[in-house]
Each structure stands twice: as structure tokens, then as C-alpha cells.
Amino acid sequence: MISSNSNNQNSAIINFKIKFSKLLQQPTILIGSVLVIILSYLVIAPIVSIFSNSVSLTMMDAMLSGSKDGEFTYKYIDRVFASSVSEKIFWIPLKNSITVSFFATLIALVLGLILASLVTSTNIFGRKYLGFLLIIPYMLPSQAMATAWLTMFKNRKISGPQGMLESFGVTPPDWLAYGPLPISICMALSYFPFAFLLFSSALSKIDIQLEEVASTFGAKTKAIWSKIILPLLIPTTMSVLLLTVARTLGTFATPYILGTPAKYTLLSTSLYSSVRSNDSGVVAVIAIVLSLIGVMLLLVDIWVVRKWQRFVTVGGKGIKRQPSKLGIFRMPTTIFAWIIFLIAALGPFIVLALSTLMREPGNFSFSNFGLAYWTGVNVPGMDQPGIFTSPEVITALKNSFLIAGSASIICGMLGLLIGYAVVRLPGTLISGFLRQISFLPYLMPGLAFAAAYLSLFAVSRGPIPALYGSISLLILVMVVTYLPYASRSGISAMMQVGPEPEEAGMVLGAGFWRRITTILAPLQKSALIIAIILPFITGMKELSLVVMLVTPGTELLTTQSIRFLDFGYTQLANATILIIGVVVMISVLILNRVTKTNLASGLGG
Amino acid sequence: MSEIKLKSIIKNFGGNSIAVDNLSEIFPDGEFVCLLGPSGCGKTTTLRMIAGLETPDSGEIFYGDKTFFSSKTGELTKTENRNLGLMFQSYALWPHMTVYKNIVFGLEMQKKSLEEKNKRYLELEKLFHLENFRDRYPSELSGGQQQRVALARMLAIKPSLLLLDEPLSNLDSNLRLEMRSELKRLHQSIGCTIIFVTHDQMEAMTLATSIAVMNKGKIEQIDKPMEIYNNPKSLFVAKFVGSPQMNIINSEIDNELALCLSKKLNIERNQVKNFGIRPESMKMVQQNEGDINANIETIQPTGADWIVGVNIFGKSIFLISSDSPIGKENDKIGIFFKPEGCHSFDSNDLRILKN
């Protein structure tokens, strides 16, 4: 008995000894475990907290009803779904959201498909440039289109300077200025590049030989498109449909800017007003609904992709499709494509820029132009300093760079670390867990995630202080939200390198840190730069995620532009958005320089 | 003696299949050992365990008087401290370092002075004909040049044990021939132990001083190349080594042929499950003049010789003839068997020794 006992003990010690020496040689497990702990808290805790918030009494309500704080209750679920206010806070917004998403997605899909077909497969003029130019709307912050629309079409219903049309003497009707129509159009114009990108890549992947075979049977271009190409695009169409719906549901800026004046509420804006009125139980319930819709859409997408997998054709010889000749339609289609570019990309820029340069809207006399709104000198009828001198703008600019900058640096490095742990520990629990958990935030719309963070970090819990109102909270929430993209690109970057370069170093006597610094880091340099710039671009134009978490002093450029709009300082709002646009464009150019590829391939978020 | 000793090595990657199954073997000092086997037989895993890139689940690995690994005492020597050379199939040259940087990396790890590094580099540059490539990056080199750089990088630290993981499989056939003789010369000139993993039996035959044929995590036979070829211990070894493959004749199904062979080999037919005949151990003669009659089905000239497909009572087999065939397709001929190329295997697929 005794001897077998000590034998067991002995072998346990030996086992431990082996494990320990392995750990010293390859501390991947250590890195992986630390990541697991950090991510568990940052990803799972907010989700748990939002579920618990939805069914426990807030302090305020507990005091009013004389119950205990945190007691279990159906009160908030009831309030959202079946009370006198549920029409207003949930059912009508839900109906509106569905309406707007339907039309926006439809328009975006059709535009994307038509433009992708024209650019990839026909001889319209300027197809080389259109491929790039048509993606620009995707890079603009989502409120650019909405504020441009407002600057153009707004009528006397809301305060602030006149709309451009109005100053020409045309008063746009309310239905054109605010509400479902402009919201749908603006969202469609912001999101069609996404459809355009997916369709273009699907079209270029279709094996040209499939079409050539058809033409040997005598099929004309029209028949080839209707019988072969379009059916092959069905899986892509489904993906575009579902992902665009998901995006439109989570969009905050457009409905906030164009819906509020007409009291037209969507789920996203309804959630926001609940946050503003401190109704955390209701916030939790609506956020859960939004997330569930997101999860459902994603599951359907996965199911569709799997179901249509048999449509995936094995690549051919990579021969490019000959652009088909459009004949007499060449001119009209060209004009159509360029007009879309004009409305969706160039238009907003021009309108926004013009509005900041004209003292009085609509007056095109030379003396009316000037930099008043930028410098703050001679601003008619406004008690605000100009953009360059406004302390709010300067703070917001600093914050934007600080927050998006640090978030993207942390996110990029974290992504590569996760990639390292996942790829180097294949088949282990750690690897699977990290892969899954880093993807989890993808399922929740930014608004819902922000609501979860709000409830988690409003008070201090254990060793973690209350972070509400701090810059760190904003950085944290951005890092976690962009993690799905960062970790996926990190994993694929690590996959591409493989373990051999490191092992070759190991054999020649290089220790762990030496391998990381002299072999792995230089090899992943450009992956790291991309992994940092991409979230930086998304972060600079991020609104829905941060709009409920900012406080005076932690405003970002995006939220500051919303504040300006709230107060009717349209020109200042427009100028702020232009600044964001310029920063984003410069980042994109840097990215292109680094990757030496077209950005069309790289934009994820 | 710095021989490599493997004792009861077991390695499992999870799942049902076992990668290396209770492997015990001694690779003597100075040998050029080829681990030969189909993909998934555990040969690369064995190599990587010797290198320390994988850790066995249990067992012991010794190199000379050094313990690389022992699950008995819990000793585990880090890869960094094993002082061996390893070459990968992909070469794993660091794309961000020049040829010079790649080659002197190991010396840098040993904190050698600049003069020592340069001196060693010049030696290797000359040995591997790498003059003028000093400042090039790996992507600017051809496949053969990359391989020479990888060899030079491995040899820079003068390791006494070289591990090569299919280093020739990315090369075209001409370069492969050249590199084979290069490796052979290298082994003769530095006299260190080399363990070489390959699935290409031709490579193993031409390079090795001894071949270990692996199957399902076990070594089926370890012997000198010609011994492996002439006296395969098992059906697996017999089938795996040799191209075109040895013809296998089932003693129950292929009646006439089996009967003929059992007579020829003077062996009880019911003892034998399979007969094997090397394609070059058959000779075409006129009809009724050989051991058995056959029909010519196909003739494939390769230039140096002819691969002839013949049908013997319904069984199709191949033979190699260095003389031009005595007939054409559909002609009837006779076949004469050379007994040294005919083998018999029992129901456990083990060779039945000739008496």
C-alpha cells in the first residue's frame, strides 16, 4: 500500500517536471490561459450582467415599490412587451425597424448587384475607377449621409440654419425631409458598397468555363446571365441580405438624425432614449431582443451558406471574363453608375463642405463664402467658436485619436496573441475556447454591447473599479467589439506563417523571447499594421457603440457631431464629420501603402 | 558512442490513431538512416521527437550519454540545447533575413564573434556555391539555391546529428538527383549521423546506409537498402519498396499462378497466403518454354526498358524487361520466374523463410 502510494506520488512529480520543462520551452499555454481569463471577463461578464439586469429590480424601482434592490422581477419584460408604454418603446419601433430594414436592404441589394455586374462584366466607361470609387460610401461615417441629407432637405420644422433647398425657395415636404423614406435611402446608400463588394468578388470567382460551356450550346449573354450567373449568385445574395439587415438594425446615427424630428423611432433609437432616461431594466430587455435578432440572422446565414455549399464551384484557371459589349446601353449605364457615385460618395462631401463654407445657405454670391465656421470669426447668429478654436472639438479630436488609437493597438496585438495561442495549441480546450469566445461579440449589435458594458461598469465590482465616464471604458468596449475581426485575422496570419520558422530558430538555439522578437514579430509586421489600422478606421467613425457611454469630457468626434446637431449647429456638425472623413481617408491611403493592395479586399468592419 | 537510442516511445495526438506505437530502436553513430513509410506512419513525428519539437507521451530518448527525454526521470532537454541540425521540407528560411543572416543565426545564438561568423560563412559559401548571394533574400533565390542555404544554415553550428524532413520533395527531378549526390557526399565528408525522413523509396534506396521502413507507428524492418529490397520481412515492406510495385498473387484466388509458384519455390501452397514477384524477376520466353504461359496486354517503353503488362490465367501483372519484348499485344508467350525475386508471405503477412 505504502509503496504504491509513494510510487504514485513519484510519478505525479515526474509528470509535473515534464510539463514544467515544456512550459519553459514553449510558454504558449501560459499566454493562452491568461487570454482565457481576461476574455472570459470582458466578453461573458457583460452578457451575464445584461441578462440579470433584465430580471432584477433597480435601486430606484425597489425604493418606489418598497422591495429589495436586485429582487427578481418580470416588471421590465412586462413593460417592454405588454404595458401601456410598450407600443411606444417597443412595438412601433420594431415595426418601423422592420420597414426601414426591408427597404434599405432591398435598395442596397439591387444597387450592389447591378453595379457589381456592370463593373466586373461590362465595358462601361471608367470601370477601373468605379471599382474603387463605389466603395467610398462604406468608409464614410454613417452620419455623413444623414447630415448631408438634412443639410439639403431640412425644412422649418426644426431649428438651426435653413436647408439648402429651402434657401432656394422650395420647401421640401416632411416626408421627404424626415422619417422612413430618407432613412431607408440613406442607409441603402451607406450599405450598398458592402453588397457591391460581395457580389463583385462572387462574380469574379465564378469559373468562366461554366459560361463558355453554355455558349457552346448556343446560349446568348442574356441566357447565360439568367440561367447560369444569377442562379450561382443565390448564396451570395442570401448572405448580403441577412448581413445588411443585421447592419441596418444596429445603425443608430441615421434614424437618430432623420427620424427624431418626425418622432419616427426605430429599435436602436428607442434603446438610446431608454438609456438616457436611466431605465436600465428596459435597456437590458431591448438589448437582448436586438442580440437575439442578430444571433438568429447569423444562424440563418450559416445555415444558408451550408445549404448552398454545393453551389461553390471549384476555381477554374483564373481567366478573367471578357467584358461584354453594352452597345447602345453603354452610355446610359455609365451615367447611372457615375450618378450613384455622385449621390452616395461625392455628394455628401460636397454638401457638407459647402454648408461649412457658406455663411448663409443657398446664397452663392462670392462674398458669402468664407472660413467663418472653421475659424470662428464673424459667425452669423451663433455663440459658438469655430471648429479650429472650439475647445469641444479639440477635446473630441484628442479623444478620438486616443480612444480609437489605443483600442486599435490593443486590439491588433490581442488579435495576434489570440491567433498565436489558437494556432499553436491545436486541439486543446484553450484553443477552441479562445476561438469561440473571441467571436462572441460579433453576435451582439454594438448598441446592445454598449448597453451591457454600461450596466457592468456603472458601479465597481470586486477589484474592478466603476469605469463609467472614463476613457478606459470606451477603449475597452471598442477592443472587445472589434475582437472578432482582429482575432480572425490574427488566426489566419499565424496560420500562414506556420510553426517551421520558429522551430528552425529553436533548433539553432534561440529561446522563446528570442524567437518572438527576431523571427515572429518581423514576419508579422505587416499583418500587425493592418490589424491596427483597420480597427482604427472603424473606431474613428464609430457612433452606435460609444454614443451611450460618452460623458462630457469623453466625447469623440462622432458623438460631438451629434451634440452639435442636437443644438442646431449644423455647420459645426458637418465640419466635424468632414474631419472624420479626412482622417479615415488618410488612414485608408496608409493602409493601401502598407498592404500594396486595393482596400476593396480588406475592409471588414 | 553517440548513437540514438529510442526506448518504448509512445506518442498519441488524441483521437483513436496512435502516431508512434511503442517504438524501440538504436540508430548507430555515423549512419545515414532513412525513415521510410507512407504518410501518417509516424516517421515525421519520430523525427520531431528526436528534435524535441514534440514530446513523447512516454518512453525515453538518449543521444550518446545525453538524455533527451525520459518519462521515467522527467528529464527533458530543450530543443535549443540539443545541438542538432534540422532541415524542413519547406526549408523554413526566414523571409525577412538575408542569406547571410539566415546562415549565421545559429552562431549568433552562440554569441560568436563577427570574425568567427564571417569565417564560417565564407567556408559554407564556398562549400555550397553561394558566392554572390550574401545579401539576397530567400524569395530572390531559386528552389535549389534555397535548399543549399537551408543546408548551410543547418551546418553552420557543426551539429553532430542531422535531422532531415523530406528535404528533397519540393525539387524537380533533375535538381533532386543533384542534391542526392550532394547529401551523400556531405555524409561521407563530415561523417555525422543523419536521420532522413521520406516517403520516396527511391530516395531512401539511393541515399541511406540503412533504411527503417515504418508502418502505423512501428518500424517493420530496419536493414541495409539492398537487404530491404531482396529480403523484405513483411508484405508491407515488400510492397512499399520497389517501383513498379512487387506483384502480389493471392494463393487462393489466383489458382494456376499460385500453384506454379509453390512448385518453383518448393513450398506448401496452403502455408502461403500471398506470393510476391518483383517485376524484374520475370523473363519473357517463347510459348510453352517458361514456367507458365501468358498473354501480353500492354507494352510501355520507358526508354531504358519496357514495362510489360501480361495476363496469366486471368491475373494481370507487370514485368520489366531490359530487352525488347519478344511479342506484341495479344501475343501468347511463356514466362520464366527467377527464384531470388519470388517471395512468399504467411497469413500474418510475414515472410516465409526459404529453406
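How many bridges join strand β14 (residues 282–285) of chain B to β18(B)? Four, and the two strands run antiparallel. The legends below start from the whole predicted model and return to that sheet.

**Figure 1. Overview of a predicted model, with its numbering and confidence.** Residues are numbered from 1 along each chain as its sequence is written, chains are lettered from A and ligands numbered from 1 in the order in which they are written. In this predicted model, local features need pLDDT of at least 70 and side-chain atom pairs count only at pLDDT 80 or more, while totals for chains, interfaces and linings use all residues. The model scores ipTM 0.76 and pTM 0.76. pLDDT is the predictor's confidence in each residue, from 0 to 100. Chain B has a mean pLDDT of 90, with 98% of its residues at 70 or more. Within chain B, confidence is highest in strand β3 (residues 32–36), at 95. It is lowest in helix α5 (residues 173–190) of chain B, at a mean of 85.

**Figure 2. Chain B and its two domains.** Domain 1 spans 4–234 and domain 2 spans 244–345; the bounds come from an automatic or database domain assignment. Their C-alpha centres are separated by 39 Å. The C-alpha atoms of chain B fill a box of roughly 80 × 50 × 35 Å along the principal axes. Chain B holds nine helices and 19 strands. These elements are DSSP runs numbered from the N terminus (helices H or I, at least four residues; strands E, at least two). Of the 355 residues in chain B, 41% are buried. Buried means 20 or more other C-beta atoms within 10 Å of a residue's own, exposed 12 or fewer, and partly exposed in between, with C-beta atoms placed from the backbone. Among contacts in chain B with a separation of 6 or more, 66% link residues 24 or more positions apart. A contact puts two such C-beta atoms, placed from the backbone, within 7 Å.

Figure 3. Strand β15 (residues 292–301) of chain B joins β18(B) through four bridges, antiparallel. Strands pair if DSSP finds at least two bridges between them. Gly334(B) stands opposite Val285(B), and opposite Asn293(B).

Figure 4. Domain 1 of chain A gives 36 residues to the contact and domain 2 of chain A gives 41. On the domain 1 side, α2 (28–54), α22 (446–457), α27 (557–566) and α28 (570–595) of chain A each give two or more residues. The largest share, 12 residues, comes from α28(A). By class, this side has 24 nonpolar, 11 polar and one charged residues. Ala, Val, Leu, Ile, Met, Phe, Trp, Tyr, Cys and Pro count as nonpolar, Asp, Glu, Lys and Arg as charged, and the others, Gly among them, as polar.

**Figure 5. The bend in helix α18 (residues 330–357) of chain A.** The helix bends by about 50° at Leu346(A). That bend is the angle between axes fitted to the seven residues ending there and the seven starting there. Pro348(A) follows within four residues. Pro348(A) is buried, and buried residues of α18(A) also include Ala344(A), Ala345(A) and Val351(A).
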